[in-house]
Amino acid sequence: MAAPPILTLTDATLGFGGRPLLSGVSIAIGAGDRLCVVGRNGSGKSTLMKIMAGMVDLDSGERFVPPGRHVAYLPQDPDPSGFATLADFAAADLAPEDRWKAESAMDGLKVAHDASPATASGGEKRRAALARLLAAEADLMLLDEPTNHLDIQAIEWLEDHLASTRAAFALISHDRAFLTRLARATLWIDRGTVHRSPHGFDRFEDWRDKIWEEEDQQRHKLDRLIKQEAHWSVYGISARRTRNQGRLRKLSALRQERADQIRRSGAAAMAFESGSKSGKLVAEVKGVTKAFGNCRIVSDFSLRIARGERVALVGPNGAGKTTLLRILIGETQPDSGTVRIGTGLELAVFDQSRAALDPEKSLWETLTTDPALGVSGNSDQVTVRGRPKHVVGYLKDFLFDERQARGPVKALSGGEQARLLMARLMARPSNMLVLDEPTNDLDIETLDLLQEILGEYDGTVLLVSHDRDFLDRVATTTIAMEGDGEAVIYSGGWTDYLAQRGSKPDWLKTEDTVDRKPVTPKQVPAQVKAAAPSRKISFRQQKRLDELPGEIERLEGDISRLESLLANPDLYARDPGKFEKATAALSQRQTLLEKAEGEWLELEELADAANT
C-alpha cells in the first residue's frame, strides 16, 4: 500500500483583490518527489511555495500535512537576528549533538561559522538559512531560488547534496543546469492554473508548447462557433428568433466564455539599442596588479578586448570578479600596470545589488526621474531608442500590468525588479553592456530572451555570472579567477573552460579532494595564457554550425520561389510594386545565403582542425 502524500492542496484559491492569482489548485507531493516549479515572474511561484509552507492563508480550499510530517521552507529574506553567530542560527532547530549537520552544510555552502548576523550580508544570511533547512532533514523541502548568492562550487555542492537526499523537494530556480539535473517532475503555473508534468525540466518546453497549441486550437473552434451563432442572430428569421431565446442565451454564454479566457502573456519586448559604434579597441590592460591588504585580486594580468566580444568572469565568491570588472571599464584603478580604455564607449550597467532602484518609488517614477533617460520626474513619457513613449505602454512591453505603474518597487518580486532594471537600461543607447549577475530571479522565458538579445547585440558585453548554461550560451571568452591573484583567459564559455583546463580547478573541488599544490603560470598552456584562439570549437560556435545547414536550406528555398515568381513575364506589367519587392527580397536573400555559406565553411574548417 502506497504511503499517503506528505502535502496535499485541494481546490486552493488565492487572490489579492482582483482576478485570483491561483485558482482551484490541487497538488499532492509524495515521498521522493523532486519537483521544479516554473512560470513567469509574477505568476505566483513564490506564493505557491508559501501556501505549501502554511505561511499564507487561502481564500478557499484546503492544505493538509499528515501529523508527524515536517515541511521546511527557505525564506527569501531570513532573519537571524537574536543569534550570536550564523552557526547558532543554522543549528537552532537541532539538538546539541546534531550541530555538526548544520556546520557541515555551512562548509559546503561556504558560510563562516563565526560570522555575526548584525554584519552579515544578505547573501550570507540566505546561505545560513539554506544550511539550517538542509540540516533539519525535513520530509519535504521547499526551496525558493536556492542558488542565488551561491558561486558555482557551492551550487555544485548543493546539487550533489539534493541528488543524494531521500527527502522530497520542490525547487524554484532560474538555473537551467541545476533544474535539469535535479527535477523529475514539473509544476507549471500559467494564468492561475497549476499544471503537472511527470517529466523533468529538460522536457518542459516541449510539453508547454503542446499545451499552448491545444489551447489555440480550442480557442479557434470557439471563435468559429461564436461567429456562426452571431451570424444566425443577425440574419435569422424574426419569427424563429422569438422562439429560440435559448440559442441567444447560448451565444451570450459563448461570448462570456471567450471573454473569461485569459490570454497568454507574450514575451517581454526587450531589446538593447546599440548606440554609435565604439572604437575597435574597447579596453586593454597590461601587467595589472590589484590587492586589498594581503588579498591579491589579480597579479600581472594582461588582456585586450575588441569590439563585439562577450567576456565572462567566473570564480568563487570573494575572488574579486566585480573588482576586475571595474578595472576593465576604468572605474577602479589598479595598484600597478596600465589600463587603456577605448574611445566612444557608452556603458549600460546592470548592478546585482539593484542600487539604481529605490524601493519606495513607484515604477512610474523609476522610469521618469533618471536624467540619463532625458525625462523629468513629472513626465508621462520615456525616451526609448530616440522616440517618446508613454510610461504605461513601455511598462506593458515588459509585462507589467497598468495597475502596477503607480505601485512601489518594493511590492515587486525579485524577477519583476530585474525586469524593471532591464527596462531602464534598454531605454538608453549603449555600445557596451556590463552585466553583474543579471540572471538572478529572472524566469526561464525572460532569461532565454535575454540570451537571444545578447547574441544579436552589436556592442561589447562584460559579464559576471554563476549560471553555467547562461555562460555557455553567451560567452566568447572566459576569465577564470581561481584565487590568489591567478586569472587565466580561455576561449568560449563554461564548458569550454573546463575542457581546455583539463582538470577541475581547486575552487570547484570539495575540501577532501583539493590538490594543495598551487597552479603556477608554467602549468597553464602558453597559448591559453596569451589568449590565443583555442583549437577546440566553442559551445556557441558548435551551436551555430548545427543551425547553419537549416538556415541555408531555407534561404535556398526562398530564392527558388522568388526566382520562379520573377520568371513570370507579366508580373512587372500587372504589379510593378510586387515586382520591385520581390527583386529586393531576392537580392537580400542571395546576400544572406553567401554570408551563411561563408560562415559555415569557416566553422566547418575550425571543427575539422579541432578533431585532428
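This is a predicted model: local features need pLDDT of at least 70, side-chain atom pairs count only at pLDDT 80 or more; totals for chains, interfaces and linings use all residues.
**Group meeting: a buried lysine and an enclosed helix**

Some overall numbers before the details. The chain runs to 612 residues, and 46% of them count as buried. Its accessible surface is about 30,200 Å², with 49% of that belonging to carbon and sulfur atoms. On contacts: if you take those with a separation of 6 or more, 67% are between residues 24 or more positions apart.

Now, two local spots. Let's start with helix α1, residues 45-52. How many of its eight residues are buried? Six of them are, so α1 is largely enclosed by the rest of the structure. By name, the buried ones are Lys 45, Thr 47, Leu 48, Met 49, Ile 51 and Met 52. After α1 comes Gly 54, and its phi is positive, near 80°.

The other spot is Lys 321, which sits in helix α10, residues 321-328. Which side chain of opposite charge is nearest to Lys 321? That's Glu 437, and it is 6.1 Å away. A salt bridge needs the lysine nitrogen within 4 Å of a carboxyl oxygen, and Lys 321 has no salt bridge, even though it is buried.

So what is Lys 321 in contact with, leaving aside neighbours within four places in sequence? There's a run of Leu 313, Val 314, Gly 315 and Pro 316, and then Val 464, His 466 and Met 481.

Key
Residues are numbered from 1 along each chain as its sequence is written. Side-chain values use heavy atoms; hydrogens and water are left out. Buried means under 20% relative accessible area, exposed over 50%, partly exposed in between (1.4 Å probe, protein chains only). Contact means heavy atoms within 4.5 Å. Accessible areas come from the Shrake-Rupley method with a 1.4 Å probe; for residues, only the protein chains shown count as cover. Helices (H or I, at least four residues) and strands (E, at least two) are DSSP runs, numbered from the N terminus. Lys and Arg count as positive and Asp and Glu as negative; His and the chain ends are not counted.
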